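Here are my notes on this model, point by point. Please keep the structure open while reading.

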Amino acid sequence: MNRISQGRATLGGKLSAVLVAAGSSVGLGNIWRFPYVVGENGGGAFLAIYVCCVALLGLPIMLAEFTVGRASHRNAVGAFRALDRRWSFLGYNGVLTAFLILGFYFVVAGWTAEYLVHSLTGDLAHLSSADEYATVFDEFIRSPWRPILYTGLFVLATHAVIAMGVQQGIERSAKLLMPLLLGVLVVLAIHSLLMPGSGEGLRFLFRPDFSKVTPSTILVALGQAFFSLSIGLGTMVTYASYFKPDTNLRHTALHVTLLDTAVALLAGIVIFPAVFSVGIEPSSGPSLVFITLPSIFNGMPWSMVWSSVFFLLLVIAALTSTISLHEVVTVYLHEEWHLSRRRAAWTTTLATLLLGALASLSLGVLGGCTIFGENLFDSLDFLTANILLPVGGFFTCIFVGWKLDRRILRAQLTNDEALRFRIYGVLSLLLRYFCPILLLLVFLDNLGVF
Ligand code: PHE
């Protein structure tokens with residue numbers, strides 16, 4: 001055993017591996033981003049493509065990342081370097097992506113915290129129409145200091161958990177959250193289904209109209225799948241480096257993927273019937289959930305309780321994801337730059353706070369500063385999900401499919417032959433040919449090559 005892996009934490013039992021990985025996957029990506037990209041990209045056809053991306057690309061790539069992480073017991077950069085020196089660039093791509101995602105993710109997480117406070121004080125219940133909710137939301141995100149305040153609180157909360165260490169902080173919060181979140185989503189979904197006109201929302205979500213599909217639809221679906229599953233940037237490499245030798249990687253990946261997709265679908269079933277019933281444009285973008293949800297709660301008995309519980313869960317779901325992103329950067333600085341864990345965590349915290357503040361201001365006073373015509377917030381969202389994550393996924397496939405010693409892959413997937421793995425051949429085909437070729441085609445298609 002090498003020096004680094006000796007002092008490293010490991011995660012508890014079987015359930016913990018699933019829970020922490022699901023804690024990373026399930027977050028704002030499912031409840032905030034998924035509905036808004038489905039809404040912007042025409043509904044059913046997008047959903048069908050999304051589900052295919054999750055099954056055919058998401059699962060194999062998650063397994064590949066688990067393999068790299070557990071085989072090396074290192075941070076994202078160290079992991080690729082330990083297996084093959086020339087591939088450490090893939091780790092750097094991951095650390096950079098995690099940092100950039102934190103830049104806008106913390107801002108949205110801050111919004112959920114603000115909505116939690118407004119739910120608790122009863123302020124959210126006063127408004128009556130979706131238009132009013134839209135105006136309130138708009139005013140809020142444009143304010144120069146309120147969103148930054150909440151973003152800052154969120155950054156500090158993440159820092160506190162990271163400072164407590166992997167085991168206690170991450171494991172505990174994930175264990176509590178998942179069952180509760182699923183339960184509340186199911187109740188809200190039933191409520192939405194009973195709203196007048198819910199059929200139109202369901203048709204939008206589930207009836208595919210493939211005439212609406214463009215090259216960019218496929219890229220966005222792909223990006224959303226990567227974002228939602230937390231793959232393509234070394235989060236799963238980092239987490240798997242804490243897994244125990246007897247953790248079943250296949251079951252973990254399968255359970256995380258199923259849970260993540262179930263939460264996204266449930267969020268869709270909550271949001272879209274309400275979108276049509278209340279008369280909101282499905283393509284209203286990042287504000288969609290923040291306008292729709294309060295309108296849903298308003299129509300419910302004990303609306304204050306529902307909206308408080310929901311936003312509390314959303315805050316925790318976001319927190320378990322920001323923790324995983326923060327951890328990627330922190331453990332990299334700790335192990336590669338030899339900073340103490342405390343210093344590494346503070347460096348990450350302060351740098352992301354700065355980026356988050358700029359991203360937040362870019363929705364208001366700094367709106368004039370644009371990158372290729374988009375403000376900083378939207379640029380970070382687009383660049384990470386639609387470019388950096390798929391690029392990371394592409395090279396991960398090439399690395400694990402072609403470069404990595406096959407015995408390492410096999411040993412990780414079968415726990416040194418203690419488990420049987422019948423679909424090894426299929427996985428290998430997917431990683432070597434199917435996934436990279438598909439990713440390449442989608443990219444070329446979007447560049448207008450075809
Ligand atoms: N998957 C998380 C979510 O859906 C976001 C995330 C992306 C977390 C990438 C870690 C890495 O909210």
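1. Start with the salt bridge between R33 and D381, whose closest N and O atoms are 2.7 Å apart. R33 belongs to helix α3 and D381 to helix α17 (residues 376–403), so the pair ties together parts 348 residues apart in sequence. The count comes to eight salt bridges (a side-chain nitrogen of Lys or Arg within 4 Å of a carboxyl oxygen of Asp or Glu). Helices are DSSP runs of H or I, at least four residues, numbered from the N terminus.

2. A caution on sources. This is a predicted model: local features need pLDDT of at least 70, side-chain atom pairs count only at pLDDT 80 or more, and totals for chains, interfaces and linings use all residues. Residues are numbered from 1 along each chain as its sequence is written, and side-chain values use heavy atoms, leaving out hydrogens and water.

3. Now the ligand. Of the 16 residues around the ligand (a heavy atom within 4 Å), S25, G29, Y105, F227 and S230 come nearest. By class, this shell has six nonpolar, ten polar and no charged residues; Gly counts as polar.

4. Polar atoms next. Ligand oxygen atoms lie 2.8 Å from a polar backbone atom of S25 and 2.7 Å from one of G29. N30 places a polar side-chain atom 3.2 Å from a ligand oxygen. Elements giving two or more residues to the shell around the ligand include α2 (14–25), α3 (28–40) and α6 (88–121).

Notes. A polar contact is a pair of N or O atoms within 3.5 Å; within protein, one must be able to donate a hydrogen and the other to accept it, and residues adjacent in sequence count only if both atoms are side-chain atoms.
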